[in-house]
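Open the model in a viewer and keep the selection panel at hand.

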Amino acid sequence: MSQYTQVREIVMMNLRSVPQRLGASLVIVIGIAGVVGVMVALLSMSAGLEKTLGGTGSDDRVVVTRGGSNGELASFLDRASGTLIKQDPAIARGADGLPLASGEIIIITEVPRVGQKTGANVTLRGVEPVGFTIRPELRIVEGRKFRPGLREIIVGEAASNQFAGLDVGTPLRFRGSTWTVVGVFSTGGDAHESELWTDTETAQSAFNRSGYSSILAKLASTDGFEPMKERLTSNPQLNVDAKTERDFFSGQSGTLTTVIGVLAGFVALVMAIGATFGALNTMYSAVSARTAEIGTLRALGFGAMPVIASVMAEALALAISGGVLGALLAYVFFNGYSVSTLGSGFTQVAFKFAVTPGLVMQGLALSLFIGFVGGLLPAIRAARMQVTSALRG
Amino acid sequence: MKYLGLIWSGLFRKKLRTTLTLFSLVCAFVLLGLLQAVNSLFSGGADFLGANRLITQARTSFTQPLPMRLLPQIEAVPGVARVSHSQFFGGVYQDPRNFFPQFAVNPQRLRDTYPEWVMDEDSWRRFITARNSTIVGRNLADKFGWKVGDVIPLNSFIWTKTDGTRNWEWEVAGIFDGRNAEWQKRAGLMYLNYGQFDEGRAGGKGLAGVFVVMVDDPDASERVAALIDEKFENSPDETKTQSEQEFQLGFARQLGDIGLIVNLITSAVFFSILFLTGVSMSQGVRERVPELAVLKVLGFTDRAVMGLVLAEAFLLCFLGALAGMLLANFSTRFLPAEFPIETDLRVWAIAGISVVVLTVLVGVPPALHALRIKIVDALAGR
């Protein structure tokens, strides 16, 4: 028999005998399923967050904030600066000839999570009427828009799911006055869906604030961004930063993604080491259970290679089934699971866990690696067995 | 105890298998220890805070500063002993990665409400009298090598000065310590004199931030909190007053359900290790059926043999858990100061319970098997 046929026959024979060692074999499968499941689930959290923040905004819109502020919350622009920014020539004009730029104001409010009493920070964003024109992705999915001048609020879809008491028609108490939720909006699953929106001027008067937190402007063309940034930052009357809306939001996932990445890496590493010991155990006992069989094969003239291959094939096959099981569990239990956490603006960002194909591939690669390490030493021991002593069992 | 040798040799009859199982157990308990320590931090982390302090914040959010004129009104509430105020400054020292919290406070009022911070009289005097002064926690001073008299530049990402810049300079008046070890660990923050802060800022003059309220009687704190909130109801500055502990926990809860994530990982780890140890134990007993039969021939009762197997399971789990927990405990010391997690009593208790549960689940099936061994059948190899 050729080397190849030898390997094939002995591998198949061995794999067919795995069910006889089911209990011990399941140690590999379950151990690795645990590692891969936990790792994929954790990483799907940061993948989901990146998807939400990275999917927010567009390249033809610009966010202008006060210079040096690390987000909209710490940014204050007075009315004069706001007007000056809105008049930049790169900004598109609407049918009425006015610039398509919305002065927005950020106020942090506390709303409890569903089923909790303590409040979580939620962004209340004041938007000018033109803010709806420059965000065509926004749809009202329930109720209606707020009317400027009235204490009315619309809430993002994610916010209405995550936080308590944000259903259409419910009153909310902020700063000595009562507001009413009049609608629910969707912006296609981006970060704005974690917010509450109202009219800028209503918010300014209710919260005793003047000026804006940021100006959102629509560009006439994306080429206009660099010159506009240049003009605004070099203007001695202003002290501002300008970023495209996409850059502004995708820059916000950094810290949290790193934290989750470090956590996932550490947990997966320790679990993987534990699972490798388990795999070694299983494969050593599998080899010792097959001692007589391996001795017989060697006596019949099979080489060392096919024996190694058969042990490795068993280890890898069990490992990959564990990996698939783990990834599957992570997908079934966590994909689309929605949570919210504290974003960089010190307010809640709601997002959904996203088990992506890339994460599944990472999980499977890890499972194969554990299987390889766990199978290698036992395979070498199997190949080194003395034929005579192995035959005696 | 006299059977320890027997149990030991039974356990290490197959050295390789037991050692590998032990290593897996160690890994599992390292994770369990560290993860539950994180959980401790987030659930009961504020235990050390006294029950006699309340925090009064704006009802909308603690990021909305309350005006200073509320202070005398809060002081007038019956049951209130002392009041101080605190505004988050958001300063960056040299590099954004050097983050540490700073609060602008009234020095005398800080001293009255936080007797946990200790410092010599001269330093307090300097802090109270010099408007541009700051006091820094011992840990922070050690980290950056600051000493009294140094001028520390901070770039605030929130507060602009009247001259349009955001560079603030603060002179170190003193270095404070915690009253006990618990507080000493937390001496990693900085208090700034409200004098220069309020005078220098371009906007928000006269805003205090949040109020720290010390009550006469800790048992009455809930009643006092309700009285304060009642006082400002329906005003433009509605307040929310809660215990300092609740306030701190609220911060952690903002991050999300850390407890749930940690417990899910812990259960995945526990389930894997349960299965792995269980298989290893029952394999061990199956291989030793004739030997256990010999023990019964020698006069060991069925129950005694069962007990031996259970004791073996316990010893295995116990050794793995002990080594894992010690390793976890050891490694927490090398974490940076921003992650003050430790394997406290609660974590050790969880590990202890896990060992018992694990022993029962992995020990009982093989122990029952050992109980039922019939001498004749076993010796005949049936």
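Start with the interface: select the 38 residues of chain B that are in contact with 40 residues of chain A; contact means that the C-beta atoms of two residues, placed from the backbone, lie within 7 Å. This is a predicted model, in which local features need pLDDT of at least 70 and side-chain atom pairs count only at pLDDT 80 or more, while totals for chains, interfaces and linings use all residues. Residues are numbered from 1 along each chain as its sequence is written, and chains are lettered from A and ligands numbered from 1 in the order in which they are written.

On the chain B side, colour α2 (15-44), α10 (244-254) and α11 (258-287), the elements that give two or more residues each. Helices (H or I, at least four residues) and strands (E, at least two) are DSSP runs, numbered from the N terminus. That side divides into 18 nonpolar, 15 polar and five charged residues. Nonpolar covers Ala, Val, Leu, Ile, Met, Phe, Trp, Tyr, Cys and Pro; charged covers Asp, Glu, Lys and Arg; the others, Gly among them, are polar.

Next, select domain 1 (3-54 + 253-391) and domain 2 (61-220) of chain A, with bounds from an automatic or database domain assignment. Their C-alpha centres lie 47 Å apart. Eleven residues of domain 1 of chain A and 17 of domain 2 of chain A make the contact.
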